[in-house]
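This report describes a protein model with a ligand.

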Amino acid sequence: MAQVRVARRLPEPAVRLLERAGHDVQVLADERPPDRAALLAGVAGADAIVTLLSDRVDGELLDAAGPGLRIVANYAVGLDNVDLEACRARGVRVAHTPGVLTEETADMTWALALAVARRVVEGHRLAASGRWTGWAPMQLLGTSLHGRTFGVVGLGRIGRAAARRARGFGMRVAYAGRSRNEEAERETDARPLAFEELLAEADVLSLHCPSTPSTRHLIDADALARMKPGAILVNTARGDVVDEQALVDALAEERLGGAGLDVFEREPRIHPRLAAFSNVVLAPHLGSATVRARSEMARMVAEAVVEVLEGREVAHLAA
Ligand code: DGY
């Protein structure tokens, strides 16, 4: 019977699939992440660990598990919390959850883009306040998006799904990325641009790149200064792609039309000034938060663990 440790309570069918395969499963924490000491102690002797984006998977954690560890299955598509080199060096496989949260994250991108452009949260506050005095020609006027440019940074799975939606909203699509994605270009009529050109052209700039050392603070003060005046920034990727202080400064100087943010540089902390801007809409990292996506993610991590422990091939291995 293999020892499987799950860092935090997950939706089913995660534990059910693992137990049905005959493994001894221990869940280390409930709602909040286990603290580091509890995580290190909890994984001792594990053959497999299911981690979340809030758990740092590094050499220390792998060594705390010990030499029997065969797989880390990360309950996220992002792998920025996982030291892939440290896993490779110890022969530990790494699985994650690409594909099953693509459409949901693209939906969240658009929920934020539209909420900022059409001032939905301000409108909700007014309507719910009891102080609304009725329809008025100048009330809460927003930004029209059709006919304008949706700029995608990173035309991978999620960027492409967001771009597809942009076409439905009558927007032109342009993108910048590490490499060309000609299939996605054909599907969404996306124009490849240099990053600086994209900054200058996009009316909505939507981030869909992974967090890596080279994308950290990709949207810094300089990039923000190059953005089209009045443009909307949407981030459903990773918080550290944006320099949050520089974003606050750009918003304070009223150079941007607004920002829709689902991810933050130091989650769960959020720069206190962000919440004060009326043209900023914040969400607490909800990109994949639907019942369907979260249970598909649970199925994927459990199946990856079972397959690796049974010596079978796994489709979505990152290491
Ligand atoms: C991911 O999967 O990387 C998301 O940020 C959380 O679902």
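How many bridges pair strand S6 (residues 149-153) with strand S7 (residues 172-176), and in which sense, parallel or antiparallel? The two strands pair over five bridges in the parallel sense.

## Basis of the model

The model is predicted: local features need pLDDT of at least 70, side-chain atom pairs count only at pLDDT 80 or more, and totals for chains, interfaces and linings use all residues. Residues are numbered from 1 along each chain as its sequence is written, and side-chain values use heavy atoms, with hydrogens and water left out.

## Seven-stranded sheet

S6 and S7 belong to an open sheet of seven strands with parallel pairing, in the order S8-S7-S6-S9-S10-S11-S12. Strands are DSSP runs of E with at least two residues, helices are runs of H or I with at least four, and both are numbered from the N terminus. Two strands pair if DSSP finds at least two bridges between them. Strand S8 (191-192) and strand S12 (280-282) form the edges, each pairing on one side only.

Contact means heavy atoms within 4.5 Å.

## Five-stranded sheet

Another open sheet has five strands in the order S2-S1-S3-S4-S5, again with parallel pairing. Its edge strands, S2 (24-27) and S5 (93-95), each pair on one side only. With direction ignored, neighbouring strands of this sheet are turned by 15° against each other on average.

Strand S3 (residues 48-51) runs parallel to strand S4 (residues 71-74), and four bridges join them. Ala48 has Ile71 as its bridge partner in S4. Helix H12 (residues 291-309) packs on the sheet, where H12 touches strand S1 (3-6), S3, S4 and S5; the direction of H12 makes about 165° with that of S4.

## Ligand site

Oxygen atoms of the ligand lie 2.6 Å from a side-chain N or O atom of Ser288, 2.7 Å from a polar side-chain atom of His285 and 2.9 Å from a backbone N or O atom of Gly78. The protein covers 90% of the 230 Å² of accessible area that the ligand has on its own, by the Shrake-Rupley method with a 1.4 Å probe.

## Backbone exceptions

Most residues other than glycine have a negative phi, and most peptide bonds are trans. The bond joining Glu12 and Pro13 is cis, with omega about 20°; Pro13 is found in the loop between S1 and helix H1 (14-20). A cis bond also runs from Glu267 to Pro268, with omega near 5°, and Pro268 lies in the loop between S11 and S12.

Arg119, a residue other than glycine, has a positive phi near 55°. Its place is in the loop between H5 and helix H6 (120-129).

Note on methods
A polar contact is a pair of N or O atoms within 3.5 Å; within protein, one must be able to donate a hydrogen and the other to accept it, and residues adjacent in sequence count only if both atoms are side-chain atoms. Axes are lines fitted to C-alpha atoms, for helices over the stretch in contact, and angles run from 0 to 180 degrees between N-to-C directions.
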